[in-house]
Amino acid sequence: MTSGISIDQITGNVGAIVSGLDLRQAIQPDAVDYLANALAKHGVLFFRNQELDLGQFWAFTKHFGTPLSAEVSGTAQDTADMVGTADMAPVRHTTAVWHADTTSLARPPWATILRAVQPTPFGGDTCWSSMYAAWDSLTEPMRQMLDGLTAVHSIRPTYDRMLHYAQFFQPDYEKLHRTEQVHPVVLAHPVTGRKAIYVSESFTTRIVELSPRESDAVLAMLFRHIERPEFCVRWKWSANDLAFWDNRCVQHYAVPDYDSPRIMQRIVLQG
Ligand SMILES: O=C(O)CCC(=O)C(=O)O
Ligand SMILES: [Fe+2]
């Protein structure tokens, strides 16, 4: 407990609810450290009843890193994300694949912050899975095989889904960015030192060191493995809920079981 903040873990492996903080107020440095450590440990932190305007949301995120927003910074990297206040309904099938955000970038956003402005009357939950727990539960021979490998992450499968489901495409992306990057299959988290699986069904197309058939089979195994409900938390959104997650140790999946507007504020922090 720091300055009246309490952090309550809600599942065995991922997610905690933070209470005792009004995010409209400036946060003291010791509380920022406390939250940053809790985030690295729990993977996703939930805050309830946070009625923030975009300026307050922006100010909160700046305690933890450099926010990237098309509206505010206009940085090129923002073209990879839907930032600001947006209806998630048109892209709901694109984000219904397990992923860490925009790992097709050389420096993918390390954290994402999402706040519900207008949730759906039913459905539209978001799930997070702990990549620490997924890694820890692999057998030692499997861990030895995977550790040290690298994988290609590509934005193309996301584009294909966008085109298929929403006729939504950002044609300038290809001019601004390489569409592929290589990242380690297993990350050591910089805060906790724990290892975490860093391949996702949404972005990872191939493990570099394996043959194509081996890569397909190993990735299919990992994509299935990380979905196990015991690694996951599922959040039902109320208006003014805020979720803050660490893309280096969790993946997420937005359940697309709704058909009404779902208005969210979203910011990613530069990796
Ligand atoms: O709509 C959601 O709950 C999450 C969508 C998503 O993948 C994201 O915001 O990065
Ligand atoms: Fe995402």
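The phi angle of Asn 49 is positive, at about 60°, although the residue is not a glycine.

A positive phi is also found at Asn 240, where the angle is about 75° and the residue is again not a glycine. Asn 240 belongs to the loop that lies between strand E13 (232-235) and strand E14 (242-246). Asn 240 has 16 C-beta neighbours inside 10 Å and therefore counts as partly exposed.

The protein chain as a whole contains 7 helices and 16 strands. Of its 271 residues, 39% count as buried. Among the contacts between residues at least 6 apart in sequence, 82% join residues at least 24 apart.

In soluble globular proteins, nonpolar side chains tend to be buried together. The largest nonpolar core of the model has 56 residues, and the members that touch the most others are Val 44, Met 131, Ile 197 and Phe 244. Helix H3 (residues 131-136) gives the most to this core, contributing 5 residues. The surroundings of one of these members, Val 44, can be described in detail. When neighbours within four places in sequence are left aside, Val 44 is in contact with Val 14, Gly 15, Trp 128, Val 233, Ala 243, Phe 244, Trp 245 and Val 250.

Ligand 1 is surrounded by Met 88, Thr 95, Asp 101, Thr 112, Leu 114, Thr 126, His 252, Ala 254 and Arg 266. Strand E6 (111-118) and strand E15 (250-254) are the elements that give two or more residues to this shell. By residue type, the shell around ligand 1 consists of 3 nonpolar, 4 polar and 2 charged residues.

The confidence of the prediction was also examined. The average pLDDT of the protein chain is 90, and 89% of the residues score at least 70. Residues 76-82 have a pLDDT below 50. Beyond near neighbours in sequence, this stretch has 19 contacts in the model.

How values were computed. Residues numbered from 1 in each chain as written. Chains lettered and ligands numbered in written order. Predicted model: local features only at pLDDT ≥ 70, side-chain atom pairs only at ≥ 80, totals over all residues. Core = buried A, V, L, I, M, F, W, Y, C linked by C-beta atoms within 7 Å. Buried ≥ 20, exposed ≤ 12 C-beta atoms within 10 Å, placed from the backbone. Helix = DSSP H or I, 4+ residues; strand = E, 2+ residues; numbered from the N terminus. Contact = placed C-beta atoms within 7 Å. Near = placed C-beta within 6 Å. Nonpolar A, V, L, I, M, F, W, Y, C, P; charged D, E, K, R; others polar. pLDDT = per-residue confidence, 0-100.
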